[in-house]
Structure formats: structure tokens, C-alpha cells
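Visitor: Please show me how to read a few local features in a model like this one.

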Amino acid sequence: MKDGFITHIKSHTELQDTVSRRKEKYSKLGVTLQPLIIIVGPNCNEISQYFILVDDTYYVLNSILTAVDCCFIIIHALNLQYPYESLPVWTLIQKGFYKIETLWDTEYVCINALLSDLGIIIESSQHNK
């Protein structure tokens with residue numbers, strides 16, 4: 001799930017192979033590669049670069065928060081789908097941080113319970129209960 005949300009590579013030499021493997025995996029599943037966050041650094045505490053990959057174009061960003069925000073906006077602006085491996089994480093971000101609900105949302109009891117426990121409830125969710 002974590003690689004579907006944020007893909008960590010240790011150096012730029014891994015970039016093309018990592019992207020090619022992911023595209024091949026998605027192709028076998030009959031879907032296309034959705035916007036992807038890629039971080040580069042020797043470990044997760046020493047990240048030197050943040051990218052978003054969209055249709056073979058790499059966008060360089062300055063932080064992980066900016067990368068997540070930009071990726072979320074790109075997915076919604078282009079009416080794309082969340083990567084299937086990280087669908088629950090993106091759903092949590094969508095509902096918890098952006099407070100957006102759509103007709104095509106996947107419902108997760110655990111996410112709705114977590115948001116409720118945190119006191120984060122979307123207005124229309126209250127009407128559905």
C-alpha cells in the first residue's frame with residue numbers, strides 16, 4: 001500500500017526501472033498508471049527530492065506535503081482514479097483533510113470510524129447515518 005501512495009527510491013538510477021516495473025504491473029491488471037508520488041533519498045529521513053509522475057512528466061516539488069497536495073489536486077482536476085493499492089489512504093485524505101465526498105467514493109468502515117473518532121465528519125456523511 002505504501003508504494004502505491006509514495007514510492008521511495010534511494011537514488012535517481014532506480015527511477016526508470018521503478019517506473020517501468022510499476023507501468024508493467026498496472027498494464028497486466030488492465031489499468032494505467034495514475035499520478036504517482038516518488039521520493040528520492042538514502043532513507044525516509046533523508047529525502048533529497050520529491051516528484052509527482054503524471055503521464056511520463058516529472059514535476060519537482062519542495063516537500064512531501066506539497067507533493068501529496070499537488071497529487072491529490074491533479075487526480076481530481078483530471079478526473080483520474082486513485083492508485084488501487086492506496087485507495088484507502090487517498091480516501092482518508094479526501095474525506096479527512098479536504099472534506100470532499102463524491103458519488104463514486106469507495107466506503108471504508110474503518111476510515112469512517114477513524115474520522116468520527118477524530119471528530120472529522122463530512123456534512124453529507126452525517127445525513128447518511
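Predicted model: local features only at pLDDT ≥ 70, side-chain atom pairs only at ≥ 80, totals over all residues.

Visitor: Which residues have a positive phi although they are not glycine?

Guide: Most residues other than glycine have a negative phi. Here Asp 55 has a positive phi of about 45°, and Asp 56 one of about 65°. Asp 55 lies in the loop between strand E3 (49–54) and strand E4 (57–61); Asp 56 is in the loop between E3 and E4 too. Helices (H or I, at least four residues) and strands (E, at least two) are DSSP runs, numbered from the N terminus.

Visitor: Is Asp 55 buried or exposed?

Guide: Buried means under 20% relative accessible area, exposed over 50%, partly exposed in between (1.4 Å probe, protein chains only). Asp 55 is exposed because its relative accessibility is 67%. Asp 56 is exposed, at 55%.

Visitor: Where is Tyr 84, and why does it count as partly exposed?

Guide: Tyr 84 sits in the loop between helix H3 (64–77) and helix H4 (87–96). Its relative accessibility is 42%, so it counts as partly exposed.

Visitor: Which residues of H4 are buried?

Guide: Trp 90, Thr 91, Ile 93, Gln 94, Lys 95 and Gly 96. The buried residues of H4 pack against helix H1 (2–5), strand E2 (36–40), H3 and helix H5 (109–117), where contact means heavy atoms within 4.5 Å.

Conventions: Residues numbered from 1 in each chain as written. Heavy atoms only, no water.
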